[in-house]
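Look at the structure first, then read the points below.

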Amino acid sequence: MLNPLGCFTCKSRHSRCDEKKPVCGNCLRLNLECKPSDFIAPSAWNTIFEASSSTQPETGAAAPLPIAPSPQASVLEGPPTSTWDVFRSHMQGLGLDLDDSPPMQHLLYSTLPTPGPTPDKPLPSGTVSLNPETAFLLQTFLQTVARWMDLFDHSLTYQLKVPPITLTCPLLFHCTCALAAKHLALARASRNTSWTPISQYHYGEALRELIETLNSPSRMNPSTLLTAINLLSSYELMGSMGQEHRRHFLAEVSLIKSYSICARSTGLDRANFWIYVRHEIAVALATERPLLLSPEEWGVHWEDGERREDVLGNHVLWLLARVINVVYGEEANTSIGRAMRNDLLQELEQWRAGLSGSFIGVPYGDNDEEGFQRIYFTVPSAAAAAFWYHVTYILLYAEPVLQDAAYIPEIQRQAMKVTNIAISDFPDPVRVFATHGLYYAAKHIDGLAQKARVWNILKDVENELGYHTRSVVKRLQDLVEQGI
């Protein structure tokens, strides 16, 4: 019988707890978070039942009871806590320091192992074994996070090409399981806490596999490695968002530069590049700083008359990234900066002039009490692209300070349009990515009721999908208290 006074982590794993403080022996050995137990512990069966009935993908199968990490799993002494730690240690072993300024001077091909098998050459099979829990996590990834990744990728790379690789690559296997388990743990968190130690276990295993991969050139596959880094970055960003995450992108930038991955790459490399771009845009907006990988280095090529919504969506992200670098760069409020803003406004309108009919949102229903009205788009990626088009206008007019009082009516109009899209019935990928732009709509929109409406949209995303937004809401509420 389990000790009723043991920690919550051991109870959720059905393990005997030795009650050592502040970290029990099991949690110390497995590098898990040792969470104190409530006096009345929730039932694990009830936890999983609620999780399966409220947040699991529509697969027709109930979520299995989480299985405790293998007691035989060893933990490295002083294990790394993030991908940043792993890459910094790797670079230091080569006599380099990613903390140097500027860091890009060290990002040479020679700093990373020579690549092994090409992406199309399968790795040896049989390296991953499944159980009911990990199979459920892989299916959860496919039905949730993979769809978020494919927002601007109509080829559905993360839904079609990544899953088969996870069955032959332990690194991707643990990355995928970690991210899926964290999604389950954070979405409606009060019901899914039993997934937290599972996500931490797979995250730790993924970091260990990453270390072995970097130290074994024969195992190196640039496409697979960048996929793993994207998944680990998603894991790290899902539960928090702040200044410390900016340096984590040094690992991805080093891979992208070392292996000449850019917007013109194909297949998995192309998908990974644009996912990296979205990650860095999210952190750049959260920290109000320029991007590490300059848009001038992206290697973009845009065709006149382009009709694909995903390509046009990536195009507007390229414009957005350039705008971020201007408004949060050194010349933001200079005459040169103002000229650059005007040029970008013209480019933004040129992009809009070439759009297809799928980018035309159709209003439906009556205006609500705050004056918002829902908008219908036939293609979700077009809705996301339209959303960022309006956010980009707000940045150009109002960040980091209002450029001209004459812009105020237009800023209000754009903020209303951003919120109209956000309140509409769109798939989860659109809702997740939109959280980073909603901050600017709520910051600049007039009226406390309108601001509160956006706060609630952000809170719903975290409560339902587990994607971190509370720090964004806190920043917005602080601005109101300061009278800004």
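Helix α16 covers residues 380-398, 19 residues in total. In this predicted model, α16 reaches 27 Å from its first C-alpha to its last, close to the 27 Å expected at 1.5 Å a residue. α16 is mostly covered, with 18 of its 19 residues buried.

**Helix α20**
- Twelve residues, 470-481, make up α20.
- From first C-alpha to last, α20 reaches 16 Å, close to the 16 Å expected at 1.5 Å a residue.
- Val472, Val473, Leu476 and Leu479 are buried in α20.
- Down the axis of α20, the buried residues fall within an arc of 120°, so they line one face of the helix.
- In general, an α-helix has 3.6 residues a turn, so residues three or four places apart point the same way.
- Arg470 and Glu481 are exposed, on the face of α20 turned away from its buried side.
- The cover over the buried residues of α20 includes α18 (428-444) and α19 (448-465).
- Gly483 follows α20 and has a positive phi, near 75°.

**Thr134**
- Thr134 sits in helix α5, which spans residues 132-143.
- Its relative accessibility is 4%, so Thr134 counts as buried.
- Leaving out residues up to four places away in sequence, Thr134 touches Ser129, Phe173, Cys177 and His202.

**Cysteines**
- The disulfide count is zero, with a disulfide taken as a pair of cysteine sulfur atoms within 2.5 Å.
- Cys24 is buried, at a relative accessible area of 1%.
- Cys262 has a relative accessible area of 19%. The cut-off for buried is under 20%, so Cys262 is buried too.

Notes. Residues numbered from 1 in each chain as written. Predicted model: local features only at pLDDT ≥ 70, side-chain atom pairs only at ≥ 80, totals over all residues. Heavy atoms only, no water. Helix = DSSP H or I, 4+ residues; strand = E, 2+ residues; numbered from the N terminus. Buried < 20%, exposed > 50% of the residue type's maximum accessible area, 1.4 Å probe, protein only. Contact = heavy atoms within 4.5 Å. Expected span 1.5 Å × (residues − 1). Arc of directions from axis to C-beta.
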